[in-house]
Amino acid sequence: MYGTAWKRHATTHLAQLAVTSGFRAIDTANQLIHYEEALVGEALRALEEQGIKRDTLFIQTKFTPLGGQGGRPPYDPTADLTTQVRQSFYSSLTHLDTDYVDSYVLHSPYSRRGLAEADWEVWTAMEGLYQTGKAKMIGISNIMAAQLAQLCDQAKIKPMVVQNRCYAALAWDRQVREICHSHGIIYQGFSLLTANPEVLADPEIQTIARRLDTDPAQIIFRFAMQIGMLPLTGTTSERHMKEDLQAEQLELSREEIQRIETIAL
Ligand SMILES: NC(=O)c1ccc[n+]([C@@H]2O[C@H](COP(=O)([O-])OP(=O)(O)OC[C@H]3O[C@@H](n4cnc5c(N)ncnc54)[C@H](OP(=O)(O)O)[C@@H]3O)[C@@H](O)[C@H]2O)c1
């Protein structure tokens, strides 16, 4: 999945380049502090003109709570949370020039531990969007294992997607991945490279990369895929886009997978 955070005015060009390079899934958010969702929409229009149809792409965006908006929310900040979700969602559809999104994600829970009233109100509003058919999947990001377990236990509609930062030192978010696995939730991992520079530099990873005639970055992406993750990359380089996609062709042995799983523990 191609991530469009921090691209600013280059978002249109890079999102387009990612798709023409072979990516079919794009991640954005209705959060101006980090994303230019409307420029993703421009890229989608340009791609449509090139003959790449909307329904061949997987478009994911997010509802970002007020605390993460940096002062320019795409909704009335004094409105109740249900209204904020609806306003943000319909503004996303306008930005993306589409009448549905493939996945709609709560950017982070309101609570650091457990789930509070605000989390349930927002989740219920997202369930409502799922029920309209305009959000084909709903999910949550930046969530701890205990919170995810609670959401899966108590929600009317369980999350279908989880998007989390992945630290090798936390066994690549193993606890959350295990919950996802048992509930059939797609686990999307981000910051696989940027959160784990020591793993990229590890001599064992370098040896595996040499064996497969590739770079440590591809070893990490392939490892992520082989343990069931959907990895995100936010590369700005056309060469890295191609290389990141080529990681799909690699095959790590069971021993290599086991070694990488525990490399930072
Ligand atoms: N839900 C959330 O709260 C949240 C938070 C952060 C990110 N995200 C999502 O995740 C996406 C990805 O973010 P990220 O933090 O994983 O990545 P990122 O910050 O965009 O960084 C990727 C880094 O890895 C480098 N890179 C990529 N492919 C490479 C390769 N093959 N070889 C060497 N270097 C390579 C890139 O450099 P080059 O540009 O030079 O290739 C870049 O410096 C974001 O765009 C966003 O969509 C979500």
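Q: How far does a polar side-chain atom of aspartate 27 lie from an oxygen atom of the ligand?

A: A polar contact is a pair of N or O atoms within 3.5 Å; within protein, one must be able to donate a hydrogen and the other to accept it, and residues adjacent in sequence count only if both atoms are side-chain atoms. Here the distance for aspartate 27 is 2.6 Å. An N or O atom in the side chain of threonine 235 is 2.4 Å from an oxygen atom of the ligand, and aspartate 244 places a polar side-chain atom 2.7 Å from a ligand nitrogen. One caution: this is a predicted model, where local features need pLDDT of at least 70 and side-chain atom pairs count only at pLDDT 80 or more, while totals for chains, interfaces and linings use all residues. Residues are numbered from 1 along each chain as its sequence is written, and side-chain values use heavy atoms, with hydrogens and water left out.

Q: Which residues come nearest the ligand?

A: A residue is near a molecule if one of its heavy atoms lies within 4 Å of it. The shell around the ligand holds 26 residues, and Asp27, Ser191, Thr235, Thr236 and His240 come nearest. By class there are seven nonpolar, 15 polar and four charged residues, where Ala, Val, Leu, Ile, Met, Phe, Trp, Tyr, Cys and Pro count as nonpolar, Asp, Glu, Lys and Arg as charged, and the others, Gly among them, as polar.

Q: Which helices each supply at least two residues of that shell?

A: Helices are DSSP runs (H or I, at least four residues), as are strands (E, at least two), numbered from the N terminus. In this model they are H9 (216-226) and H10 (238-246), and H10 gives the largest share, three residues.

Q: How much space lies in the largest pocket?

A: Rolling a probe the size of a water molecule over the atoms shows where empty space is left. On a 1 Å grid over the protein atoms alone, a pocket is an open set of points where a 1.4 Å probe fits, with protein on both sides within 12 Å along at least five of seven lines; lining residues have an atom within 4 Å of a point. Grid points are joined across faces, edges and corners, and a volume is the space filled by probe spheres set on the points. The largest pocket has about 750 Å³. Its lining has 36 residues, with Ala5, Trp6, Phe190, Ser191 and Thr194 closest to the centre.
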